[in-house]
Amino acid sequence: MTTERWDNDPVLTVEHVTMRFGGLVAVNDLTFKAGRGDITALIGPNGAGKTTVFNCITGFYKPTMGRLDLAHRDGTRYMLERMPDFKISGKAKVARTFQNIRLFSGMTLLENLLVAQHNALMVASGMTVGGILGIGGYRAKEKEAMERAKYWLDKIRLTARADDPAGDLPYGAQRRLEIARAMCTGPELLCLDEPAAGLNPRESAELNELLLGIRDTERTSLLLIEHDMSVVMEISDHVVVLEYGTKISDGTPAFVQNDPRVIAAYLGVDDEEVEKVEKQLDVLTGEAG
Amino acid sequence: MTDTAHATSRPGPDYAKAAKDALLAGIIALGIFGPLVGLKTEQNMSNELIVRNDMASALIIVAIVMAGRFLLSAFVFPRMGARGKKPTVANAIDEGVKPDRTKLYARLGLLLLFLYPIIVVSLLGFQGSLKWVDNFGIQILIYVMLGWGLNIVVGLAGLLDLGYVAFYAVGAYSYALLAINFDLSFWVLLPVAGILAAMWGVILGFPVLRLRGDYLAIVTLAFGEIIRLVLINFRELTNGSAGISSIPKVTLFGIPFDASPDGFAKMFDLPLSSAYYKIFLYYLILLLALLTAYVTIRLRRMPIGRAWEALREDEVACRSLGINTTNTKLTAFAIGAMFAGFAGSFFAARQGFVSPESFVFMESAVIVAIVVLGGMGSMIGVAVAAAAMIGGTELLRELTFLKAVFGPEFNPDQYRMLLFGLAMVGIMIWRPRGFVSARQPTAFLFERKAVSGSLVKEGHG
């Protein structure tokens with residue numbers, strides 16, 4: 001087996017992660033690596049445990065077993081399984097979006113993006129005390145934060161609506177805003193939970209462009225869950241396939257696309273065909289061995 | 001279009017329907033007011049409860065209800081039906097208050113507040129002004145301040161705190177006990193009371209951090225009761241339900257307001273009157289309330305204030321953005337409690353007497369009602385609601401002319417709670433999100449546009 005790019009310089013290493021809810025094993029001994037500067041896609045049929053993996057990575061769940069190791073570009077490493085969720089986003093710089101969009105709907109677009117820069121601004125305001133008294137460089141820092149927010153509003157082409165409430169936006173724009181908000185935290189790894197869900201083909205194409213832009217110009221690594229195969233095959237560099245909480249395939253999009261186990265998982269097969277595929281697999285593993 | 005055409009072309013009011021409507025309303029009103037107003041229980045000489053019949057008053061009320069309902073359904077409802085056909089989306093947009101006008105109202109209101117004692121004194125003289133400055137001015141401003149303080153916790157952070165009066169009590173007792181036992185002045189104890197109340201806010205905050213919604217409300221309610229029960233039962237310290245009396249008054253930087261030679265009146269060669277002290281207290285509570293408003297307005301533009309509002313909107317998203325929700329909630333509790341502590345120490349100094357009686361659950365409920373009626377998160381709305389609710393109930397005492405209608409034994413003050421409830425139901429129907437439901441954004445790129453209340457969340461409790 002050749003070593004792939006993501007094995008050499010992984011931003012995220014998931015090792016033997018298992019997540020049990022009572023008797024249900026949602027994720028079973030999952031091991032994979034997400035390469036730095038890659039778009040890694042996590043795919044699989046409904047109920048395969050993709051979102052559970054996401055929640056483990058971002059600290060919303062604590063995995064029953066296993067290690068989650070995040071390596072920054074400067075070499076700092078974080079053991080995500082031991083950190084509370086807000087530190088994973090604040091310190092380890094893992095940002096995420098949600099399957100059902102979670103914007104601050106009563107706040108304006110600009111405010112949404114300013115809240116995302118909370119930690120930096122909090123320090124600049126001298127933990128609020130300096131900001132209230134008007135000492136320290138809070139004003140300048142806030143201006144900087146506004147500039148950053150404006151930069152991202154430009155990127156998602158919503159600058160004109162900066163002062164409108166986020167809840168007023170159409171669905172596709174809300175998805176883009178959620179991504180921009182996550183990017184405003186300055187993440188090392190951006191985790192997107194079904195970013196293309198509910199988008200029309202044109203919006204979906206725009207999303208691809210945005211995500212490629214994030215990878216190439218911001219040099220942020222992406223990890224995404226996606227059902228839309230056109231998005232997955234078009235933009236991802238590396239695909240990991242889950243079924244019933246277990247990894248069944250891991251490789252480049254082209255490799256995964258032709259993997260008989262993936263095809264079987266997605267399309268289902270006749271009993272005869274299962275036998276045929278199993279025989280083939282035996283042959284394959286025989287060859288590999 | 002067809003709807004409006006239909007409504008306007010209708011030939012005259014439908015009296016038969018209106019009469020039927022009025023009859024129905026009359027029956028309901030009789031069911032409610034018959035027992036409530038018509039039957040009175042009184043204690044006689046041998047301490048027995050006897051029922052006294054007062055059906056005449058009840059029937060008068062029923063008659064008023066029927067007449068009102070008749071007029072409404074004959075003349076008002078058909079017109080409202082024609083007008084109310086506007087699409088709801090348009091209504092939601094209309095709700096947005098023009099920010100420049102809001103600012104103008106705020107300035108005018110502020111000016112009025114500063115001139116209020118002067119106006120009252122010039123109209124009624126020093127002695128006549130006492131009631132208006134003390135019962136109305138100071139009383140309302142205390143609740144405005146409490147409302148603004150609770151607004152941080154409920155309106156901004158979205159944490160429903162039903163035990164807010166506990167912090168008010170902490171502030172009041174802190175001042176009372178420290179002033180009596182250690183002979184410290186009000187100006188030293190004001191910040192101390194604030195800090196102590198904030199400390200108790202954090203102490204309450206810790207156990208309730210994991211709770212949301214109804215559960216949070218119940219635990220805060222229990223906390224309020226615990227504080228009150230401790231005040232009643234810790235007799236050695238608090239003197240139990242008898243309360244603490246002869247609490248020192250506030251001095252104007254060392255000048256006392258009394259008849260002594262170095263007192264305020266003598267010093268400025270003025271005739272002796274208690275009105276000076278009341279006017280002084282009025283300006284003191286006004287400044288304290290404005291301090292609350294100023295700090296809240298500043299805090300909303302700070303990262304912490306935005307984090308509070310974000311917490312109200314979506315706590316999970318907050319954590320995904322690296323916001324420490326624990327600290328954020330605790331600061332909301334602490335700062336809200338601090339202002340209650342300030343108000344409490346002012347209350348103790350003004351009354352000269354504190355007892356657990358003043359810190360019952362009803363007080364918490366009134367403050368929460370003020371915040372909800374005013375529109376959660378809105379400073380002006382809360383101030384208006386406090387004026388309406390506290391001023392309104394005080395005003396009831398003044399309505400002596402009602403005695404002419406209902407007989408000399410009628411005491412409008414007894415109907416306080418009934419009217420209170422009716423007013424709340426009415427306002428919640430008319431404006432379900434409070435007087436000022438629109439939210440002012442804390443930052444803008446091009447122009448400040450108010451956010452419609454229908455998009456703003458109430459928080460998880």
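I noted that the model is a predicted one. The crossing of H7(B) and H14(B) is right-handed, and when I sorted the residues of their contact by class I had 19 nonpolar, seven polar and one charged.

Next I looked at H14(B) by itself. This helix covers residues 325–351 of chain B, which is 27 residues, and spans 39 Å from its first C-alpha to its last, close to the 39 Å expected at 1.5 Å a residue. I then asked how many of its residues are buried. The count is 22 of the 27, so H14(B) is largely enclosed by the rest of the structure; for this a residue had to have 20 or more other C-beta atoms within 10 Å of its own. Just after H14(B) I came to B:Gly352, which takes a positive phi of about 75 degrees.

I went back to H7(B), residues 186–208, to look up its packing with H6(B), residues 165–182: the angle is about 140 degrees and the axes are 8 Å apart. That makes H6(B) oblique to H7(B), and the crossing of these two helices is right-handed. From H6(B) I listed B:Phe167, B:Val170, B:Gly171, B:Ser174, B:Tyr175, B:Leu178 and B:Ala179 as making the contact, and from H7(B) I listed B:Leu189, B:Val192, B:Ala193, B:Leu196, B:Ala197, B:Trp200 and B:Gly201. The residues of this contact between H6(B) and H7(B) comprise eleven nonpolar, three polar and no charged.

Last, I turned to where chain B meets chain A, and found 33 residues of chain B in contact with 34 residues of chain A. Which elements of chain B give two or more residues to this side? They are helix H12 (303–313) and helix H13 (315–320) of chain B, and H12(B) gives the most, with seven residues. I also sorted the residues on the side of chain B that touches chain A, and they divide into 17 nonpolar, five polar and eleven charged.

Technical notes
Residues numbered from 1 in each chain as written. Chains lettered and ligands numbered in written order. Predicted model: local features only at pLDDT ≥ 70, side-chain atom pairs only at ≥ 80, totals over all residues. Axes fitted to C-alpha atoms, helices over the stretch in contact; angles between N-to-C directions. Helix = DSSP H or I, 4+ residues; strand = E, 2+ residues; numbered from the N terminus. Parallel < 35°, antiparallel > 145°, perpendicular 65-115°, else oblique. Left-handed = near helix turned anticlockwise from the far one by under 90°. Contact = placed C-beta atoms within 7 Å. Nonpolar A, V, L, I, M, F, W, Y, C, P; charged D, E, K, R; others polar. Expected span 1.5 Å × (residues − 1). Buried ≥ 20, exposed ≤ 12 C-beta atoms within 10 Å, placed from the backbone.
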